[in-house]
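Please keep the sequence and the coordinates in view while reading.

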Amino acid sequence: MDKIWANSGDSHFLEPADLWHQIMPKAQADRMPRTEMISDSEELVTVDGKSFTRKVPKIMTAKGATGESIVEMSHRPPGSRDATLRMKDLDEEGIWAEVMYASIGLWCALIEDRALIRDAARAENEWLVSEVMSVAPDRLVPTALMPLLDVADAVAEAQHAASIGLKIINMPTGAPPGMPDFNDDSWEPLWAACEEAGMVVGFHIGTDSASGPLSAMHRGPGGAVLNYVETCYGGLRAATKMVSGGALDRHPNLKVLISEGGATWVPFIGDRMNEAYRQHGMFVRPQLSRLPKEILFSQVYASFQHDESAPAAMSAMGYNNVMWGSDYPHLEGTYGHSQKTLHELFDDVSPEVRQRITRGAFEELFPHVSAAPASSVSAV
């Protein structure tokens, strides 16, 4: 199969099980998030002395009609925890550069101690630069952990992260308990700091800090599908808050990435916000210098992995900030079949659309990355 080289707007790294004890004093490390499988389908999560369980997929391997393996839940890619091995995985999959979100670090949104999360963010971000990004600084784009229990702490860490070479901050789709939501003006210093430093604001779906990352909300018939769809809504809300609250209008050079939530929702939400702005203008505060859809289309980027409708968000709906993502190494990602997925998505679209979604939008957000090798596919 001819290779399509692509950048990924969404992937994850699995931190070492003892990461916190490597980079923090023991008294603090003992309070940091940790997970433990207590059965083949249940995980115990502990965060600062509080524990709860959650269901996870059972370890199994499904087989297709001809005997081929089509799902391998028990298989973890070799580079999940090892950045050097990761590069081999990426080369085999045809993935050049990638945004990397944390895994257990996503649970840090549940920490309620300001000093603990502030110290953890500083320690993890320095570890990311020295142990992860350093392996391939022109290809790996890890996201900075942020202390969000105090806006001043968040500003300081965003500036520190930028100073050591990180390019994107990792934000939950909902503000921490007790903090104002992201459409509130109190976050203005953080948006200003990110714009000044050229830091992208990254929101990964399923990270509403009020309920914990990827928590199950629905039970009973259809629960698996309901919960999977539910994860997308946080990203949609985060983008809407950043636009309607005026943050992006006040900071026209600030860029937002919504990872793993699909792309075709962006034109729909843009139309809906424009309608609200027009039909309910007497209630709209603040007044914006541009229509909401224009702000959304110019400053918000969205990544998807399998959605067959996503290329049409650009080619048919005029939304140019569509980005593909592999979600490596997660079960719902494309590891092991990235090239098959890329061909299914892009063989029948124009070279311009394919180039923009697989490479161009990513390179626009992260101009420091090196150029991917030329794809060996012929033009449509």
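Helix α9 (residues 265–279) and helix α10 (residues 292–299) have axes that come within 7 Å and cross at roughly 150°. The pair is therefore roughly antiparallel, a label given to angles over 145 degrees, whereas those under 35 degrees count as roughly parallel, 65 to 115 as roughly perpendicular and the rest as oblique. Axes here are lines fitted to C-alpha atoms, for helices over the stretch in contact, and angles run from 0 to 180 degrees between N-to-C directions. Helices (H or I, at least four residues) and strands (E, at least two) are DSSP runs, numbered from the N terminus. The model is a predicted one, in which local features need pLDDT of at least 70 and side-chain atom pairs count only at pLDDT 80 or more, while totals for chains, interfaces and linings use all residues. Residues are numbered from 1 along each chain as its sequence is written, and side-chain values use heavy atoms, with hydrogens and water left out.

Which residues bring the two helices together? On the α9 side they are Val-266, Pro-267, Ile-269, Gly-270, Asp-271, Met-273, Asn-274 and Tyr-277, and these meet Pro-292, Lys-293, Leu-296 and Phe-297 in α10; contact means heavy atoms within 4.5 Å. By class, eight residues of this contact are nonpolar, two polar and two charged. In that scheme Ala, Val, Leu, Ile, Met, Phe, Trp, Tyr, Cys and Pro count as nonpolar, Asp, Glu, Lys and Arg as charged, and the others, Gly among them, as polar.

Within α10, the residues Pro-292, Ile-295, Leu-296, Phe-297 and Gln-299 are buried, meaning under 20% relative accessible area, with exposed over 50% and partly exposed in between (1.4 Å probe, protein chains only). Their cover includes α7 (223–244), α8 (247–250), β12 (256–259), α9 and β13 (300–304).

The loop between β13 and α11 (310–315) holds Gln-305. This residue is buried, at a relative accessible area of 5%. A polar atom of the Gln-305 side chain lies 3.3 Å from the backbone oxygen of Glu-332. Apart from neighbours within four places in sequence, Gln-305 is in contact with residues including Asp-10, Tyr-228, Trp-324, Glu-332 and Leu-345.

Attention now turns to the strands. Three of them form an open sheet in the order β1-β7-β8, with parallel pairing; two strands pair if DSSP finds at least two bridges between them. The edges are β1 (6–12) and β8 (140–142), each of which pairs on one side only. On average, neighbouring strands of this sheet are turned by 20° against each other, direction ignored. Strand β7 (residues 95–101) is joined to β8 by three bridges, and Val-99 stands opposite Val-141 in β8. Helix α13 (residues 351–365) lies across β1, β7 and β8, at about 70° to β1.

Elsewhere, strand β2 (residues 34–37) runs antiparallel to strand β3 (residues 42–47) over four bridges, and the two form a hairpin with four residues between them. Arg-34 has Thr-46 in β3 as its bridge partner. Six bridges then join β3 to strand β4 (residues 50–55), again in the antiparallel sense, with Val-45 opposite Phe-52 in β4. The hairpin of β3 and β4 has two residues between the strands, and Asp-48 takes a positive phi near 50° there.

Definitions and conventions
Polar contact = N/O pair within 3.5 Å; in protein donor to acceptor, adjacent residues only side chain to side chain.
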